[in-house]
Amino acid sequence: MDSKFKQLVIDNSDSIVQKWMEEIGSLKSGNYTATISDELYEGTNREFVNVIFTSIRNQGSTKAVEDFSEKIINLGWPLSYITDGLQVFRRVSTEYLLTQSDEMDSTYFSNVLTSVDNWVEPLIRELVNEYSGSWEHILSLQRVALQELSAPLIPVMEGITIMPLIGTIDTERAKLIMENLLEGAIKHNSEVVLIDITGVPVVDTMVAHHIIQAAEAVRLIGSTCILVGIRPEIAQTIVNLGIDLSNFPTKSSLKKGFTKALEITGRHVVDIEVKENNIEQLIKSIQGE
Amino acid sequence: MEPQSCVNIHKEWDIVGARQLGREMAKKLGFGTVDQARIATAVSELARNIYLYAEKGQICFEIIDNIEHRGLCMTAVDSGPGISDISQAMQDGYTTSGGLGAGLPGVKRLMDEFDINSEIGEGTRIKAIKWVR
Ligand SMILES: Nc1ncnc2c1ncn2[C@@H]1O[C@H](COP(=O)(O)OP(=O)(O)OP(=O)(O)O)[C@@H](O)[C@H]1O
Ligand SMILES: [Mg+2]
């Protein structure tokens, strides 16, 4: 029975595809795909229906399914495009098969339904799995990328290291900050570590607690930790929270913190005036004579 | 903007969502940057306490706007274990989780009005208001 239905659908694929394309086309307006160009929409629909028919013809052609769901993700189309498309296919082919026969008893009816379900269901499962699998893959890649960015250490000069923090700090990131800070301070042999919180939107008790612990740990390995980039509003909220930062050095800006770090490491910045004087003299001497 | 909006707290990142909504409403009400930071921090404390001690709950924001005053009211509600000794929990440095114990007393100082109700086994309800000056 099933193979008979299958042959019928394959033999009449033209009229089924046409009906399917019409229905899918009407879904476009006022829907998620409203902003997509007509050519792209139609082209993709054609590809979609080809994938469906390939899959019905020889069950197990996963390559086409894989490629197609990847394409939908790259286009940024929602999962509902896939599920809608298959629902419409289910309806269109069921309707077609029912009109092809004069027998209208319930056995025939249920045979048609079972057959169509058998073709469509594995395809739904496969496409949805592929689609969500790709998303999970993208997500895990981004998580790794984000983690690499989340607590960077920059050894700016012999003995001085900076950790610029940008964005929200959750517990996972707070732990990473602590680890990287200690590891980095030892690796770069840093006398001074500057933690820059200019880019941290909110410093609550959890963030403050982790920063205090990190600074304490840095102190234990014999280095100094300076907290810099404390915006005025953050300074106020820290005071309101009653958090005591008097035990470790803070500076309002990275610039001031860096000057302090130079001081601690026994250095200071000198302007190279001599050279400029030379240039001025040179210009004068050219203009003068 | 809705006069009242709520954020469910189930996972850690919901704290960020609550904070952003609180800050956004504070900005629209005309609070300055310092008060915006105070409000965002208070939300963060209450939301984190829900996440840590009650696992889940809700933070609701309400705009108060009448002839007498304008302000932002936040309510943190959970059906967690409750707090046995409220005056102890309100003390600076009291913590059961190895934290700083600065959250609750901090929120009281960050905001203008503060009201806490808690029943063992029933849950905790904290209401705090900041007035626009
Ligand atoms: N929603 C809550 N449900 C149950 N217990 C709570 C709740 N909020 C606070 N507590 C209790 O009150 C104590 C004090 O809370 P508070 O926020 O002041 O400090 P903390 O959370 O321990 O540390 P910090 O907020 O400084 O990181 C907590 O340790 C906890 O035992
Ligand atoms: Mg707390």
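1. Largest cavity. Its lining has 15 residues, with A:Thr168, A:Ile169, B:Val16, B:Arg19 and B:Arg48 nearest the centre. (A cavity is a set of points on a 1 Å grid over the protein atoms alone where a 1.4 Å probe fits but cannot get out; lining residues have an atom within 4 Å of a point.) The elements giving two or more residues are α8 (205-220) of chain A and α1 (12-29) of chain B, and α1(B) gives the most, with five. The space comes to about 70 Å³.

2. Ground rules. This is a predicted model, where local features need pLDDT of at least 70, side-chain atom pairs count only at pLDDT 80 or more, and totals for chains, interfaces and linings use all residues. Residues are numbered from 1 along each chain as written, chains are lettered from A and ligands numbered from 1 in the order written, and side-chain values use heavy atoms, leaving out hydrogens and water.

3. Second largest cavity. About 60 Å³ of space sits here. Leu165, Ile169 and His210 of chain A are among the lining residues, and α8(A) gives the most, with four.

4. Ligand 1. Residues from chains A and B surround the ligand, so the site is shared between chains. The shell holds 20 residues (a heavy atom within 4 Å). For polar contacts (N or O pairs within 3.5 Å), look at the side chains: a polar atom of B:Thr95 is 2.6 Å from a ligand oxygen, and one of B:Asn49 is 2.8 Å from a ligand oxygen.

Terms used. Polar contact = N/O pair within 3.5 Å; in protein donor to acceptor, adjacent residues only side chain to side chain. 1 Å grid on protein atoms, 1.4 Å probe; cavity = no way out; pocket = protein on both sides within 12 Å on 5 of 7 lines; lining within 4 Å. Points joined across faces, edges and corners; volume = space filled by probe spheres on them.
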